[in-house]
Amino acid sequence: MKFKLIISNVCSFTAVILVLLLAGCTSTVTQSVHLKYGNPSNANGSQNNYLIVKPEYALSYSCKAGIPNWVSWQLDRSWLGRTERSDNFRPNPELPTDCYAVRPSDYRGSGFDRGHLVPSGDRTRSRIDNESTFFMTNIIPQSPSNNREVWRELEEYSRELAYRGKELFVVAGSDGIAKKIADSQVVVPKFTWKVILILDNPGEEATAQNTRTIAVWMPNSEAIRNTDWQEYIVSVDRVEKNTGYNFFSNLPKGLQKKIEAASYR
C-alpha cells in the first residue's frame, strides 16, 4: 500500500506514521517538493522553529517573533495561471494553541506593509493556491520601498524565469530586529533575504552544468527607494553565514559548495 502525504505540521506527520506502523502497512511517504533540497533550519515542532508544510509551500515559524523564519517553495510554469489576487489575509489555524496567531489588523498604523514571502503572484493556478499565500504565517512587516520596489522586482524576474521554462526552488526570510509592532507580538526585521536555486532542465537532478543560484540581502527600510534588486546580490554562502541556516543541503556536497560560493551574474 502506498500513500502520498503532504503534512500540515509535525504532530500530524508523527501521528500518521504511527498509524501506518500500527496497521502493518508498507508505505512510501513522499516528502513535499518544497523541501526537496533541504530544511534550512531543521524545523520541527518547537515553538520558534515550527514546521508547517502545505501543498503550496513549506515554512519554519517563530512564535516568539510572530513571523516566519523562512518559507520555501518550488516555482515553475505549472503554478502560474490567471487567478486574481485574493487579498484574504487571515490568521493561520495550524499554529500551536499557545502560539499567538497574528492578525491582519496587527499591522494597522505601523507604517509597514503586510509583505508576502511566497508571493501571491507565484500561486495563480487556482483560488485555493492563491489564498494560501495570505495566511499571516507567510507575512512579514516590510518597508513599502522594500516590498513594492526591489523585492517585487525580484519576484517578477523569478516568474519570468519560470515562464521561460526554468524550475526554481526558493527560500526567503528575514533577519534582525528593527522594532516591534502589535504590542511587541510581531518583529519588524532589519533585513530581508532570498536564495534561489535555478534549474535549466526542470525535473532533472541538479548538476554543475544546469544549476545556478541567486541570493540577495536587502535592508528592510525606505533607504532602498529607487534602487535595483541586482544591487543587493550576494552569495548563498553569505546568507548562510548571516542567518546560520544551511541551504540546499540535500545536494551533493561538492555541488552545494560550488554553487553557493558563486554570485549571480
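Helices (H or I, at least four residues) and strands (E, at least two) are DSSP runs, numbered from the N terminus. Just after helix H4, Gly244 takes a positive phi of about 85°. This is a predicted model, in which local features need pLDDT of at least 70, side-chain atom pairs count only at pLDDT 80 or more, and totals for chains, interfaces and linings use all residues. Residues are numbered from 1 along each chain as its sequence is written, and side-chain values use heavy atoms, with hydrogens and water left out.

Start with strand E10, residues 191-199. Eight of its nine residues are buried, where buried means under 20% relative accessible area, exposed over 50% and partly exposed in between (1.4 Å probe, protein chains only). Strands count as paired if DSSP finds at least two bridges between them. E10 pairs with strand E7 (residues 167-175) in the antiparallel sense, over nine bridges. Here Ser174 has Thr192 of E10 as its bridge partner. Nine bridges also join E10 to strand E11 (residues 211-219), again antiparallel.

Now turn to H4, residues 236-243. Which of its residues are buried? They are Val236, Val239, Glu240 and Thr243. These four cover an arc of only 100° around the axis, so they lie on the same side of H4. The arc is that of the directions from the helix axis to the C-beta atoms. The buried residues of H4 pack against E7, E10, E11, strand E12 (233-234) and helix H5 (253-261). Contact here means heavy atoms within 4.5 Å.

Next, the rings. Rings of Phe, Tyr and Trp (its six-membered ring) pair if their centres lie within 6.5 Å; planes under 30 degrees apart count as stacked, over 60 as edge-to-face and the rest as tilted. The count comes to nine aromatic pairs. One of them, Phe191 with Trp217, is tilted, at 5.4 Å centre to centre and 35° between the planes. This pair links E10 to E11, with its residues 26 apart in the chain. Phe191 is partly exposed at 27% relative accessible area, whereas Trp217, at 10%, counts as buried. Tyr245 and Phe247 form an edge-to-face pair, 6.2 Å centre to centre with 85° between the planes. Both of these residues, Tyr245 and Phe247, are buried.
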